[in-house]
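Please look through the sequence and the model shown here before reading on. The paragraphs that follow go from one residue to the whole chain.

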Amino acid sequence: MGLIQGVVDGFIITVGITQPTPERKRVATIFIASGLLGTIAGVVALFGFVVAKIFAS
């Protein structure tokens with residue numbers, strides 16, 4: 001979970017979100033990581049859909 005924690009910490013610092021308390025850090029990491037991964041999956045799916053539509057013509 002070191003890589004994921006590093007990405008989440010970078011996201012928190014970059015966006016300017018208030019640092020979570022040590023008790024809530026695990027929950028915040030899971031929440032932010034799932035949001036980031038969901039966004040990436042959505043963009044990849046949209047890109048695949050657009051490419052499929054272009055080459056289907």
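Is Lys25 buried, partly exposed or exposed? Lys25 has a relative accessible area of 25% and is therefore partly exposed; buried means under 20% relative accessible area, exposed over 50%, and partly exposed in between, with a 1.4 Å probe and protein chains only. This is a predicted model, in which local features need pLDDT of at least 70 and side-chain atom pairs count only at pLDDT 80 or more, while totals for chains, interfaces and linings use all residues. Residues are numbered from 1 along each chain as its sequence is written, and side-chain values use heavy atoms, with hydrogens and water left out.

The side chain of Lys25 meets that of Asp9 in a salt bridge, at 3.1 Å from N to O. A salt bridge here is a side-chain nitrogen of Lys or Arg within 4 Å of a carboxyl oxygen of Asp or Glu. The two residues are 16 apart and belong to distant parts of the chain, Asp9 to helix α1 and Lys25 to helix α2. Asp9 is partly exposed, because its relative accessibility is 24%. A search of the whole structure finds one salt bridge.

The secondary structure of the protein chain consists of two helices and zero strands. Helices (H or I, at least four residues) and strands (E, at least two) are DSSP runs, numbered from the N terminus. Helix α1 covers residues 2–15 and helix α2 residues 25–56; they pack at an angle of about 85°, with their axes 10 Å apart. That angle makes α1 roughly perpendicular to α2, a label for angles of 65 to 115 degrees, whereas those under 35 count as roughly parallel, those over 145 as roughly antiparallel and the rest as oblique. Axes are lines fitted to C-alpha atoms, for helices over the stretch in contact, and angles run from 0 to 180 degrees between N-to-C directions.

Which residues meet between α1 and α2? From α1 come Ile4, Gln5, Val7, Val8, Asp9, Phe11 and Ile12, and from α2 come Lys25, Thr29, Ile32, Ala33 and Leu36. Contact means heavy atoms within 4.5 Å.

Val8, in helix α1, counts as buried because its relative accessibility is 2%. Leaving aside neighbours within four places in sequence, Val8 is in contact with Thr29, Ile32 and Ala33. Ile32 lies in helix α2 and is buried as well, with a relative accessible area of 12%. With neighbours within four places in sequence again left aside, Ile32 is in contact with Val8, Phe11 and Ile12.

For the chain as a whole, buried residues make up 11% of the 57 residues. Along the principal axes, the C-alpha atoms fill a box of roughly 55 × 20 × 15 Å.
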